[in-house]
Amino acid sequence: MPDRLVIVEIDPTSIALTGEIDAHSAPSLASRFETLPAGDDDITIGMADVTFMDSSGLRVLIDLHQRLDGAPRRLVLDSPSQPVTRLLEVAGLADHFTIVR
């Protein structure tokens with residue numbers, strides 16, 4: 001069975017995601033940021049190719065956002081797909097994240 005979620009490393013502070021973020025795949029995303037990269041650069045997650053995200057994925061994003069809160073860096077969601085955007089809106093969190101399109 002192919003991976004539900006593919007994480008592509010762009011650089012130490014940027015990744016791009018393809019596929020589904022659910023209870024099965026969210027732990028691999030969480031483990032990617034278990035240790036934050038050194039420096040003050042923002043953490044950017046490309047989300048244009050995320051086809052599905054449930055509350056498990058949302059929890060990972062919230063946790064990462066909270067860990068960066070107060071630091072000189074932010075979590076940036078780059079081009080979130082419609083499923084991601086919809087989940088953020090339904091959860092009332094669209095304004096809590098830095099989103100670039």
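**Strand pairing, surface patch and salt bridges**

V6 has T18 as its bridge partner in strand β2. The chain then crosses from β2 through helix α1 (residues 26–32) to β3, in a β-α-β crossover that is right-handed, a term that applies if the path from the first strand over the helix to the second runs clockwise with the strands pointing away from the viewer. Helices (H or I, at least four residues) and strands (E, at least two) are DSSP runs, numbered from the N terminus. The structure is a predicted model, in which local features need pLDDT of at least 70 and side-chain atom pairs count only at pLDDT 80 or more, while totals for chains, interfaces and linings use all residues. Residues are numbered from 1 along each chain as its sequence is written, and side-chain values use heavy atoms, with hydrogens and water left out.

Let us stay with the strands for a moment. Strand β2 (residues 14–21) runs antiparallel to β1 and is joined to β1 by 6 bridges; two strands pair if DSSP finds at least two bridges between them. V8 is another residue with a partner in β2, namely A16. With 2 residues between them, β1 and β2 make up a hairpin. On its way to β3, β2 contributes 7 bridges in a parallel arrangement, and T18 stands opposite D49 of β3.

V6, V8 and I10 form a nonpolar patch with about 240 Å² of accessible area together. Patches consist of residues with over 30% relative accessible area and no salt bridge, like charges being joined within 9 Å and nonpolar side chains (Val, Leu, Ile, Met, Phe, Trp, Tyr) within 5 Å. Areas come from the Shrake-Rupley method with a 1.4 Å probe, and for residues only the protein chains shown count as cover. I10, found in β1 (residues 5–11), is exposed at a relative accessible area of 55%; here buried means under 20%, exposed over 50% and partly exposed in between (1.4 Å probe, protein chains only).

In strand β3 (residues 43–53) lies T51, which is exposed at 54% relative accessibility. Leaving aside neighbours within four places in sequence, T51 is in contact (heavy atoms within 4.5 Å) with G19, E20 and P83. The C-alpha atoms of T51 and S81 are 7.2 Å apart, although 30 residues lie along the chain from one to the other.

V100 belongs to strand β5 (residues 98–100) and is partly exposed at 35% relative accessibility. Beyond its neighbours within four places in sequence, V100 has contacts that include S79 and P80. S79 itself sits in the loop between β4 (75–78) and α3 (82–90), and its phi is near 50°, a positive value in a residue other than glycine. Most residues other than glycine have a negative phi.

Finally, the structure holds 4 salt bridges, each a side-chain nitrogen of Lys or Arg within 4 Å of a carboxyl oxygen of Asp or Glu. One of them joins R32 and E9 (2.5 Å, N to O), linking helix α1 to strand β1 across 23 residues. R32 is buried at 17%, whereas E9 is partly exposed at 44%. R74 and D42 meet at 2.8 Å, N to O; R74 lies in the loop between α2 (55–68) and β4 and D42 in the loop between α1 and β3, so the pair ties together parts 32 residues apart in sequence.
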